Amino acid sequence: MTKRIIEMFGSAGISVTEKQAEQFLTLCEFMVEYNKNVNLTSITGFEDVVMKHFIDSVLPFQMVEIPEGARFIDVGTGAGFPSLPLLIVRPDLKATLCDSLGKRCTYLELALGKIGANAEVIHARGEELGRKRREQYNFATARAVAALPVLTELCLPFVKVDGEFVALKSVNEDVTAAENAIKQLGGKLDKSTDYKLPNGDGRRLVLVKKISQTPTKYPRGYANITKKPL
């Protein structure tokens, strides 16, 4: 099965080692087993997990320049995507995995141990942690957590000036809807790139450059963020 993982990543133009393939296999098996008791994902077939979780998490970061040893936060990480696969292929990165559900955080701690990766897991709401850890990360990322105006307010406050917010979105996402939020929060749209997974599924990578400090009144409470997006 490790050979198949290597082949599948290869079809996306990504080279993984035998050791990394073993880590991915371990993560797949552990997640699917744990999912029987704690709802982590509806995707449980081996090839679907590799394609729709693992490759989906790693591929967009082939289009982003990430410095050696960069510090990042995965906001609303859920079952650990994109952070866990990213840590397998980039073990030099320093990660914080943030999720609001304690049961998922317990899983994440165990999963990190299974794959031999180091990261900080924090049980917190993104907007609350964002007020405590303002501008501490080289980049923040999130995968399909919320609409882009909402997600920008949750993520951009974490990012240092000159850092980036890396949003992994569907091709249906209206990037223009977030223009005001990006501007008010100290960001600038760097690029929006559409691409496809090897199975043909469409994806959109949105990069927001942090060009100035986020005003201290942001992020607001979650109810305000969702009811009155910037």
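Glycine 116 follows H5 and has a positive phi, near 70°. This is a predicted model: local features need pLDDT of at least 70, side-chain atom pairs count only at pLDDT 80 or more, and totals for chains, interfaces and linings use all residues. Residues are numbered from 1 along each chain as its sequence is written, and side-chain values use heavy atoms, with hydrogens and water left out.

Biologist: Why is cysteine 105 called buried?
Modeller: Buried means under 20% relative accessible area, exposed over 50%, partly exposed in between (1.4 Å probe, protein chains only). Cysteine 105 has 6%, so cysteine 105 is buried.

Biologist: How do you know that the buried residues of H5 line one face?
Modeller: The arc is taken from the directions from the helix axis to the C-beta atoms. Seen down the axis, the buried residues of H5 fall within an arc of 155°, so they line one face. Exposed Lys103, Gly113 and Lys114 sit on the face turned away.

Biologist: What makes threonine 152 buried?
Modeller: Its relative accessible area is 0%, so threonine 152 counts as buried. Threonine 152 is found in helix H7 (residues 148-155).

Terms used: Helix = DSSP H or I, 4+ residues; strand = E, 2+ residues; numbered from the N terminus.
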